[in-house]
Amino acid sequence: MKYIIETDHLTKRYGANLVVNQVNFHVPKGKVYGLLGRNGAGKTTAMKMMLQLVFPTGGSIRLFGKDCRDNAAALYRNIGSIIETPGFYGNLTGEENLKILARLRGQFSKNAVLDALEIVGLNKERRKIFSDYSLGMKQRLGIAAAIMHKPKLLILDEPINGLDPIGIWEIRTFLTKLTRDNGTTVFISSHVLSEIEQIADIIGVMHQGRLIEEVDMAELGKRSRTYTEFELSDGQLAVKIIKDHYRDTNYTIQDNTLRVYGSNHLVGEMNRDFALNGLIVTKINPREENLEEYFSKLIGGGGIA
Amino acid sequence: MLNLILCELLKLKRSKMIPISIMGVLSTPMLMLLEALQTHFDKPELAFTLADIYKSSVLYSMLLTNMIIYVAITAFLFSREYSENTLKTIIPIPVSRSKLLIGKFCALLLWILALNFVTWAGIFMVCGLYHIVFTLEKYSFSSAIEWLPKYLLGGILMFLTISPFAFAAEKTKGFVAPVIGSAVIVMGSAALANHDWGAFYPWTAIFFLVQGKINSNGYITALSIIIVLLLSAAGFVLTFYHLKTEDLK
């Protein structure tokens with residue numbers, strides 16, 4: 001079994017609306033797979049299909065090398081999940097909520113419940129009524145519910161929503177530890193690109209229901225492009241000069257800011273030509289595209305979130 | 001299965017619906033006390049027994065107050081998983097959708113039976129107060145206990161006719177549609193309670209069944225039972241089918 005999660009042309013259609021379109025995920029064992037995409041890209045629906053909350057209209061899902069519909073009870077006992085804001089019973093305490101989930105799973109152990117609460121830092125608030133929890137505490141309880149049975153696979157949809165920076169750091173450290181020490185596989189989506197960048201081994205990008213990129217972080221590092229940013233007195237004239245003298249050069253222009261990609265060796269000559277044509281160059285910055293810029297470009301601008 | 005039922009009951013811990021539903025069903029004993037006092041002062045020559053009070057109370061409990069309350073608790077049990085967003089936490093555990101519903105229906109039946117017991121006990125207690133002050137003929141525990149099986153049978157029959165409201169709560173993911181529905185059926189029950197045709201209206205048919213009135217109305221008991229069972233089966237099938245096939249968006 002190479003992949004813990006493997007989908008084959010996974011599709012979900014609501015009437016005429018194609019929400020997930022023939023997606024093929026490949027999530028290797030023991031890795032953190034970060035799923036990125038804008039709102040409505042289909043990330044949550046894809047995760048819900050993996051958890052049998054939503055029924056696919058096409059394709060298949062293999063979990064731990066087996067079709068998810070075969071022996072689902074045994075397969076899903078090895079999975080922990082959070083989908084969006086975790087739901088719990090408002091009239092019960094955090095501890096009581098976890099006990100109910102453990103009983104439903106048929107694996108009730110008071111120690112497991114208490115350990116999970118301690119990991120997420122809720123041991124002092126375990127007797128507090130859930131409806132009195134803050135958003136961050138609710139999210140922590142969701143994480144506790146997802147990990148208390150020591151799953152081999154975690155499917156986490158926006159798990160750091162509502163967490164403060166320290167909480168985010170704690171969860172990130174915990175997830176990293178889980179994969180390193182226990183070999184747990186994590187399939188995580190987030191709007192916070194920098195968080196995914198810090199923990200993911202593989203990144204998948206969904207856009208308009210399609211998986212448009214699935215790439216190893218190391219490979220991604222190699223693809224990151226460097227560019228030089230010029231701030232000039234006349235952007236249009238600068239473009240004309242580039243078109244006339246540097247035809248094969250990739251560039252973008254926004255107002256009077258020109259970005260020239262992958263032509264570092266030509267920066268000096270360009271600067272000279274700009275000056276000879278009467279342009280005033282106020283700034284030249286060598287830069288490297290970050291993950292956010294890379295994916296913004298990939299999905300056509302506008303940012304991931 | 002026992003675990004699922006236990007979990008359903010645990011989910012009710014500290015729930016405000018418990019005291020609200022108990023207070024609600026205690027309205028029937030209070031109404032019976034008021035009726036007894038009114039009779040005592042308006043028509044002092046009229047003698048009535050504990051059995052008479054129990055007999056009148058069945059009308060209130062099965063057709064009016066308790067039915068509305070049972071629809072409300074059904075709506076609460078079946079819609080709360082949507083309103084509290086808990087299905088997406090429970091289903092991936094995994095918990096079979098069918099078993100989840102069976103657990104809920106079992107918890108609902110237990111709750112209804114408990115509330116019918118509370119109503120029965122409440123009547124016995126308020127009649128005890130009346131008995132202390134004014135003396136109620138044939139007031140005894142043995143007389144009261146004869147009505148307990150009828151109350152429990154009434155609870156089971158009410159449970160059977162309530163299944164369509166579970167579907168309505170699940171489908172609409174809230175209280176409003178089932179509660180409006182309960183108002184409609186209660187109006188229907190009020191209109192048909194004194195008519196023979198009530199034997200064909202499931203919610204009055206169960207009242208006639210408990211009162212043993214169907215044969216005396218000239219209709220066949222089995223026909224009323226079939227109507228109640230058909231309604232019940234439709235409610236159960238729709239509830240199970242809906243959740244089994246629903247995408248939890």
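Modeller: Helices (H or I, at least four residues) and strands (E, at least two) are DSSP runs, numbered from the N terminus. By that reading, chain B has eleven helices and zero strands. This is a predicted model, in which local features need pLDDT of at least 70 and side-chain atom pairs count only at pLDDT 80 or more, while totals for chains, interfaces and linings use all residues. Residues are numbered from 1 along each chain as its sequence is written, and chains are lettered from A and ligands numbered from 1 in the order in which they are written.

Biologist: Which residues of helix 6 of chain A are buried?

Modeller: A residue is buried if 20 or more other C-beta atoms, placed from the backbone, lie within 10 Å of its own, exposed if 12 or fewer, and partly exposed in between. In helix 6 of chain A, the buried residues are A:Ile168, A:Ile171, A:Leu175 and A:Leu178. They cover an arc of only 90° around the axis (taken from the directions from the helix axis to the C-beta atoms), which puts them on the same side of helix 6 of chain A. The face turned away from that buried side carries exposed residues, among them A:Thr173, A:Lys177 and A:Arg180.

Biologist: What covers the buried residues of helix 6 of chain A?

Modeller: Two residues are in contact if their C-beta atoms, placed from the backbone, lie within 7 Å. The cover includes strand 4 (32-37), helix 5 (135-147), strand 9 (185-189) and helix 7 (193-199) of chain A.

Biologist: How many residues does the contact take from chain B and from chain A?

Modeller: Chain B gives 21 residues to the contact and chain A gives 28 residues.
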